[in-house]
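Have the structure open as you read.

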Amino acid sequence: MNDPVDVLIIGAGASGAAVAWSLAETKMHILCLEQGGWMNPAMYPSTGRDWEARFFGDFSPSPNIRARPEDYPINDDNSPIKIVNFNGVGGGTVMYTAHFPRLHPSDFRVRSLDGVADDWPIDYDTLAPFFEENDRMMGVSGLAGDPGVPPRNPPMPPLPLGRSGTLLGKAMNRLGWHWWPSDTTVATVDYEGRARCINLGHCTPGCAQGAKASTDITYWPAAQRAGVELRTHCRVREISTDEHGMAAGVVYYGADGVEQFQAAHVVVLACNGVGTPRLLLNSASGRFPNGLANSSGLVGKNLMFHPYAQVYGYVAEPTDSNRAPPTCLWSKEFYETDTSRGFVRGYTFQFGRGVGPIMEAVMSEAKGLLPWGAGHHAEFRRLNGHRLGLSAICEDLPEEHNRVTLDPMLKDSDGIPAPRIDYRIGENTARMMEHGVARAKEVLGAAEATDICVNSPILYGGWHLLGTARMGADPDRSVVNEWGRAHDVKNLFIVDGSLFVTSGGVNPTSTIQALALYIADQMKQRLANLFD
Amino acid sequence: MTEERALTPAQADDLRVIAGVIIPASEEFDVPGADDPTIQADIVATLGRDAAFVADALDMLARIAGAPLAGLDPPQRETVAVEFRANGGATVATLTRVVLQCYYRDDRVVRSLGLEPRPPYPKGHVLEDGDWLLLDPVRARPRFWRRA
């Protein structure tokens, strides 16, 4: 029997780490259960000659392909975009591109400004101090002065433009379109015990140098020094409730596979936009027959990704290819609503630097650019190291038919029902993607690129898992209130991407973590009457 | 995870031949073909979770060829390869990817591309700073994010 804890956090990824660190100053007994383990950077792909090949195996972004013991399967057959994630201490921050934009002020007022979806119950200014705090904790590199985003002051200088950034910047200037070096959580100078980036290039599946911020090397060491307990290889099956309808604790399987119960006074869910609704639905009981915290019926609904419209081509000049972090530039030219485009809301362009030789060979062969036989070598030398590309990160609007449910058949290695995804791209988003593809082709045309290829959507592009336990003031239209507490269960909090009311058109990690810090701050301010 | 499955000698032989059709040796670029023994050994040793898909692809190849691929003359092999590639699907894509990922990490091939045969870590790479003056016209632009 485990001793009860004050706060039990489920999930040690982007948001779980942030909320754990923030709450640690309360000196409460805080425990985090994480289904994965600690990562060993010495084992990351970039340390071996098979660094590119492992993307197709044990470091695939898809849990269904990766199939590590800590992964759970996901039935995403009924979705044109497949789920990608990472399970372990650090969660998705272990395997992300480290592109770190924030939601814009207009993203919190979608209904008021553009007449679609719903406004958030909080605004950008509410989150602003937490964005700043998170930038400092994660260590953000960037350049102040961008006219396309609200003022911010990244603590480190930006990544170099490199060859690719220079070529793309010239192209954007020819078109008169906005561009700017991206905010990124790649350290460009030695920072808080992290070594600066040395351009391993292959840093999305874990940074062996430790330059890329993942929460196992940022928040977690600080949280543990402050007394937070982190228990790894513990997979939670369900949240139990007591006779008062409050969360009593969780049932989980430890590293030895033995079922255990952990009592807690407060439970915080930080399992991402698929894991969190899965756990709430798996916590159905006599008191909560439709799943925990689901009186609104919205748990699992309104799933949003950011459908990525990717376009790339080949230029005569050499690009950075795999010899630099993939993050490079962003453009906000098409972010804010302009109804003359045929859709509302907008997208960020995220520019890439290129890929390594194996990825180039595999992708260009699949596209039919790279022939079999005698012409193979000459063509490969024309393509390899000459790729230039960009993706439109398109805002996805909430639609209830896009959802996470429990698969009736599929289970994980502990026998826990696995999630099923039903998703289709909405009409507004589809028009946005077409616009993004057309504009991206103009960019590549301005760069004099040839052999233009399109992946729209990117099949394995379900990185951003949002909206499945949305926040709001109305219990009939939301799962948690404006400070993250479940409407139905007054000692249950959610701090991950499930909270998002709308998706914006940016990579969400910065905003997810700012939300987690904001909710932790709200909890600290309300400790005396947290359950009122 | 898909099951791991050892290739039969006939499948291994067909794999060697089709790999050589996909990427033949080149005197011009001074590189071996993908049927090179060292590259083949790497492919077979690292098939792992791809083995079942590759074996299925080789079964398809055998059906198309109707005979061991090595016994066909080069034009016949080309014809079989065209049909094999056109039939496509996940199994052929997996076989092709396995060939490519082992070929393009071979030391001789990597050097021929002007690259160093080494993992990215710990040496890393040098990234040029680029031309920051390009940003001047963007800096001059007025704010255009919406206040809300």
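Where in chain A is the place of Ser321(A)? Look in the loop between β9 (308-314) and β10 (329-331) of chain A. We'll come back to that residue further down; bear in mind throughout that this is a predicted model.

## Chain A overall

Chain A carries 11 helices and 16 strands. Its C-alpha trace spans about 70 × 50 × 45 Å along the principal axes. For 532 residues, a compact globule would come out with a radius of gyration near 24 Å, and chain A, at 22 Å, agrees with that.

Burial in chain A stands at 62% of the 532 residues. If you take the contacts in chain A with a separation of 6 or more, 73% of them are between residues 24 or more positions apart.

## Chain B overall

Chain B is a helical story: seven helices and zero strands, running α-α-α-α-α-α-α along the sequence. The C-alpha trace of chain B spans about 70 × 40 × 30 Å along its principal axes.

How does the radius of gyration of chain B sit against that of a compact globule? A globule of 148 residues would be near 15 Å, but chain B has 22 Å. Buried residues make up 35% of chain B. Among its contacts between residues at least 6 apart in sequence, 69% join residues at least 24 apart.

In soluble globular proteins, nonpolar side chains tend to be buried together. Here the largest nonpolar core has 112 residues, and those with the most contacts inside it are Leu8(A), Ile9(A), Ile10(A), Val19(A), Ala20(A), Val267(A) and Val268(A). Helix α11 (residues 509-525) of chain A provides the largest share of this core, nine residues.

Val268(A) is a handy place to start looking. Leaving aside neighbours within four places in sequence, Val268(A) is in contact with Val7(A), Leu8(A), Ile9(A), Ile10(A), Val19(A), Phe493(A) and Val495(A). There's also a second, separate core of 43 residues, which includes Phe59(A) as well as Ala34(B), Ala55(B) and Phe84(B).

## Where the chains meet

The contact between the chains takes 60 residues from chain A and 46 residues from chain B. On the chain B side, α1 (9-22), α4 (74-87), α5 (89-103) and α7 (136-139) each supply at least two residues. Which of the helices gives the most to this side? That would be α5(B), with five residues. The chain B side as a whole divides into 27 nonpolar, seven polar and 12 charged residues.

So what does α5(B) look like? It has 15 residues and reaches 21 Å from first C-alpha to last, close to the 21 Å expected at 1.5 Å a residue. Of those 15 residues, 12 are buried, so α5(B) is largely enclosed by the rest of the structure. The buried set includes Thr91(B), Leu95(B), Arg97(B), Leu100(B) and Tyr103(B). These buried residues of α5(B) pack against α8 of chain A, and also against α1, α2 (37-45), α3 (51-65), α4 and α6 (107-112) of chain B.

## Helix α9 of chain A

In α9(A) (residues 376-383), the buried residues are His376(A), His377(A) and Phe380(A). They cover an arc of only 90° around the axis, which puts them on the same side of α9(A). What they pack against is α8 (357-366) of chain A. After α9(A) comes Gly385(A), with a positive phi near 80°.

Most residues other than glycine have a negative phi, and most peptide bonds are trans. Back to Ser321(A), then: its phi is near 40°, a positive value in a residue other than glycine. Lys27(A) also has a positive phi, near 65°, and lies in the loop between α1 (14-23) and β2 (30-33) of chain A. Buried or exposed? Ser321(A) is buried, with 25 other C-beta atoms within 10 Å, whereas Lys27(A) is exposed, with 10 other C-beta atoms within 10 Å.

As for cis peptide bonds, one runs from Ser456(A) to Pro457(A), with omega near 5°. Pro457(A) is in the loop between β15 (450-455) and β16 (492-494) of chain A. Another joins Tyr121(B) and Pro122(B), where omega is about 10°, and Pro122(B) is in the loop between α6 and α7 of chain B.

How values were computed: Residues are numbered from 1 along each chain as its sequence is written. Chains are lettered from A and ligands numbered from 1 in the order in which they are written. A residue is buried if 20 or more other C-beta atoms lie within 10 Å of its own, exposed if 12 or fewer, and partly exposed in between; C-beta atoms are placed from the backbone. Helices (H or I, at least four residues) and strands (E, at least two) are DSSP runs, numbered from the N terminus. The arc is that of the directions from the helix axis to the C-beta atoms. Two residues are in contact if their C-beta atoms, placed from the backbone, lie within 7 Å. Ala, Val, Leu, Ile, Met, Phe, Trp, Tyr, Cys and Pro count as nonpolar, Asp, Glu, Lys and Arg as charged, and the others, Gly among them, as polar. The expected span of a helix is 1.5 Å times one less than its number of residues. The radius of gyration is taken over C-alpha atoms; the globule rule is 2.2 Å times the number of residues to the power 0.38. A nonpolar core is a set of buried Ala, Val, Leu, Ile, Met, Phe, Trp, Tyr and Cys residues joined through C-beta atoms within 7 Å.
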